Amino acid sequence: MLKAIFLDLDETLCDTRKATDLAKARLAETVHAQFGVDGVLFANRYEDGFFRRWSDAQRERYTPIIKQQGEDAFRIQLIEDLLVELGAQRVNQSVAQALQRQFDRDRLAALEFFPGIEEFLAEARQLFTTVVITNGPVFSQIPKIEAVNLAAHVDHIIIGGQEPEEKPARSIFEKALKLADCEAHEAIHVGDSLAADIAGAHGSCITSVWVQHQQPLDAELGITPHHTVLHPSEIPALIRQLHQD
């Protein structure tokens, strides 16, 4: 019997990609207008940076900043460095911070649930304990959670950046099971990342649902989800079917 639904946040409940693309476009315009450099390249490299798609040199430079000064300081330093790399004069911290805040403000303003998800959460909450498990730093995840008023729609929220380990670690799924007061076979986890969501669910013996979007199934990972939906809008119908079964 299904008692709990665990859900990823970004690209599962919320259309973070759409919001990020909008914020990047506006950031590119601002950077090009203010500094005369390639704004699109800047915005793409900024996204690569805050998603930790780093070169070895970047990892060596930014890891200590994050550990010692926090995510905000890292992102400001990243902006300063990227502007110099693209040929602009080095800016002071306040200028870089203004760009960082513009990006965050624009992304949060555009963030919203995928169609049908808000209604689905209300329905699911009548039948199951709902737990959101989201990876990422507190710096970015709490504002997103507040932007969509997530706490009003689910029973529990676990932020990876507040935990000893993030998905796919077993410990974070064990915490979700404890919050839901259920066993692994009584829960299902829905997410878009094979490496984090699906592997994590399988490592904890939890049934998985992969939100594929347009991602290929990476055979090298050796991970096969128990169920697959192409888009978040298909989640409600699948959960209803699994509940009836």
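Phe51 is partly exposed, with a relative accessible area of 41%. Partly exposed means between the cut-offs for buried, under 20% relative accessible area, and exposed, over 50%, with a 1.4 Å probe and protein chains only. This is a predicted model, in which local features need pLDDT of at least 70 and side-chain atom pairs count only at pLDDT 80 or more, while totals for chains, interfaces and linings use all residues. Residues are numbered from 1 along each chain as its sequence is written, and side-chain values use heavy atoms, without hydrogens and water.

Stay with the aromatic rings. Phe50 counts as buried, at 5% relative accessibility. Phe50 and Phe51 form a tilted aromatic pair, 4.8 Å centre to centre, with 50 degrees between the planes. Rings of Phe, Tyr and Trp (its six-membered ring) pair if their centres lie within 6.5 Å; planes under 30 degrees apart are stacked, over 60 edge-to-face, and the rest tilted.

Phe50 also pairs with Phe103. That pair is tilted too, at 5.5 Å centre to centre and 50 degrees between the planes. Phe50 lies in helix H2 (residues 39-50) and Phe103 in helix H5 (residues 93-110), so the pair ties together parts 53 residues apart in sequence. Phe103 counts as buried, at 0% relative accessibility. Phe42, Tyr46, Phe50, Phe51 and Phe103 form one aromatic cluster. The structure holds eight aromatic pairs.

Now turn to the cores. A nonpolar core is a set of buried Ala, Val, Leu, Ile, Met, Phe, Trp, Tyr and Cys residues joined through side-chain atoms within 4.5 Å. The largest has 30 residues, and Ile5, Leu13 and Leu150 have the most contacts inside it. Strand S1 (4-7), helix H6 (117-127), strand S4 (187-191), strand S5 (207-211) and helix H10 (235-244) each give this core two or more residues. A second, separate core of 22 residues includes Ala23, Ile65, Ile79 and Phe103.

What does Leu150 touch, leaving out residues up to four places away in sequence? Its partners are Leu9, Leu13, Phe113, Val132, Ile145 and Ile157. Contact means heavy atoms within 4.5 Å.

Finally, the whole chain. The protein has 10 helices and six strands. These are DSSP runs numbered from the N terminus: helices (H or I) of at least four residues, strands (E) of at least two. The radius of gyration is 19 Å, close to the 18 Å that the globule rule gives for 245 residues, so the protein is as compact as a globular protein of that length. That radius is taken over C-alpha atoms, and the rule is 2.2 Å times the number of residues to the power 0.38. Of the 245 residues, 49% count as buried.
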